[in-house]
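These are my notebook entries on a single structure. I looked up charged side chains, aromatic rings and helix packing in turn.

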Amino acid sequence: VKDAKQKKIISIVFLFSFTLHILAVLVIFYGSFQPFSDGRGDFIQYHFTAVETTQRLSQGNFSIKGLALAHYFPLIVGYLYFLLIPKMIIGQLLNAWLVSLTVVFAYLIVKEFGRTNKEAFIVALIINLYPSLAFFGSLMLKESFVVFFSTLSLLLALKLINTFSWKIFTLFYISLMGLAHFRFFTILPLIFVFVLLWFIFYKFQFKRKVLYCLAMLFLFG
């Protein structure tokens with residue numbers, strides 16, 4: 001983002017979102033606010049795995065053998081535990097940060113559609129107040145990574161449809177890899193819609209379009 005005014009708005013959006021989600025984290029963590037699960041959930045297992053990771057790291061053991069890992073979320077949190085403190089609130093604050101970046105991506109998505117700064121800002125504020133995102137995005141769950149990578153992938157896909165570059169495509173590809181790790185099936189419709197819309201709307205010679213689409217499909221495959 002090069003526009004100074006837009007940079008300022010993005011900073012405000014991020015700081016507002018992060019502050020809001022930090023407050024949600026504090027309420028959930030210190031108030032034991034769990035109205036739907038009575039304190040039970042995947043975050044408990046994630047915490048145990050993260051603590052075990054921290055204990056291994058403190059002994060100079062970097063092996064993940066034997067850890068309860070369906071994905072790398074508890075491993076990432078475990079490394080943060082090792083660097084900071086082994087408390088669940090650290091994983092929750094990580095998710096608050098990810099959700100805040102997700103809101104920024106949503107703001108930029110609205111801008112990609114040619115809407116005004118004010119309209120994009122209003123959309124960002126509305127997303128912050130979306131109940132399930134506010135609550136589950138403040139728990140230590142992998143879903144924050146899912147919405148982070150899915151929103152980032154959508155933003156990059158729109159950028160590629162407007163202006164193609166292999167640099168942006170590489171970022172898009174990496175983002176899809178992250179999304180595939182945390183929730184694989186979500187990348188399938190995203191890839192299909194992106195390739196279809198790019199082929200239809202991107203202004204390129206037909207032969208080059210076909211070659212680029214084949215190259216992209218090969219890489220996605």
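The entries below follow the order in which I looked things up.

**Entry 1. Basis.** I worked from a predicted model, in which local features need pLDDT of at least 70, side-chain atom pairs count only at pLDDT 80 or more, and totals for chains, interfaces and linings use all residues. Residues are numbered from 1 along each chain as its sequence is written, and side-chain values use heavy atoms, with hydrogens and water left out. Helices are DSSP runs (H or I, at least four residues), numbered from the N terminus.

**Entry 2. Lys209.** I located Lys209 in helix α10 (residues 206–220). Lys209 is buried and has no salt bridge. I took buried as under 20% relative accessible area, exposed as over 50% and partly exposed as in between, with a 1.4 Å probe and protein chains only. A salt bridge requires a side-chain nitrogen of Lys or Arg within 4 Å of a carboxyl oxygen of Asp or Glu. Which side chain of opposite charge is nearest to Lys209? I found Glu112, 17 Å away; for charge, Lys and Arg count as positive and Asp and Glu as negative, while His and the chain ends are not counted.

I then noted what surrounds Lys209. Its side chain reaches the backbone oxygen of Phe199 at 2.6 Å. Lys209 also lies over the face of the Phe199 ring, 5.7 Å from the ring centre (the criterion is NZ of Lys or CZ of Arg within 6 Å of the centre and within 35 degrees of the ring normal). Leaving aside neighbours within four places in sequence, the contacts of Lys209 (heavy atoms within 4.5 Å) are Trp198, Phe199, Ile200, Phe201, Tyr202 and Phe204.

**Entry 3. Salt bridges.** My search of the whole structure returned four salt bridges. One of them joins Glu52 and Arg56 at 3.2 Å, N to O. Both residues lie in helix α2, four residues apart, about one turn of the helix. Glu52 is partly exposed at 31%, whereas Arg56 is buried at 14%.

I also recorded Arg183 with Glu143, at 2.7 Å, N to O. This pair links distant parts of the chain, with Arg183 in the loop between α8 and α9 (187–201) and Glu143 in helix α7, 40 residues apart. Arg183 is partly exposed at 24% relative accessibility, and Glu143 is partly exposed at 29%.

**Entry 4. Aromatic rings.** I counted rings of Phe, Tyr and Trp (its six-membered ring) as a pair if their centres lie within 6.5 Å; planes under 30 degrees apart are stacked, over 60 edge-to-face and the rest tilted. The structure holds 27 aromatic pairs. Phe14 and Phe18 are stacked, at 5.6 Å centre to centre with 25 degrees between the planes. Being four residues apart in helix α1 (residues 4–31), they are separated by about one helical turn.

Phe172 and Phe220 are buried. Both belong to one aromatic cluster, whose members include Trp166, Tyr202 and Tyr212.

**Entry 5. Helix α3.** In helix α3 (residues 73–83) I listed Phe73, Pro74, Leu75, Val77, Gly78 and Tyr81 as buried. The buried residues of α3 pack against α2 (42–58), α4 (88–112), α7 (143–162) and α8.

Methods. Helix = DSSP H or I, 4+ residues; strand = E, 2+ residues; numbered from the N terminus. Polar contact = N/O pair within 3.5 Å; in protein donor to acceptor, adjacent residues only side chain to side chain.
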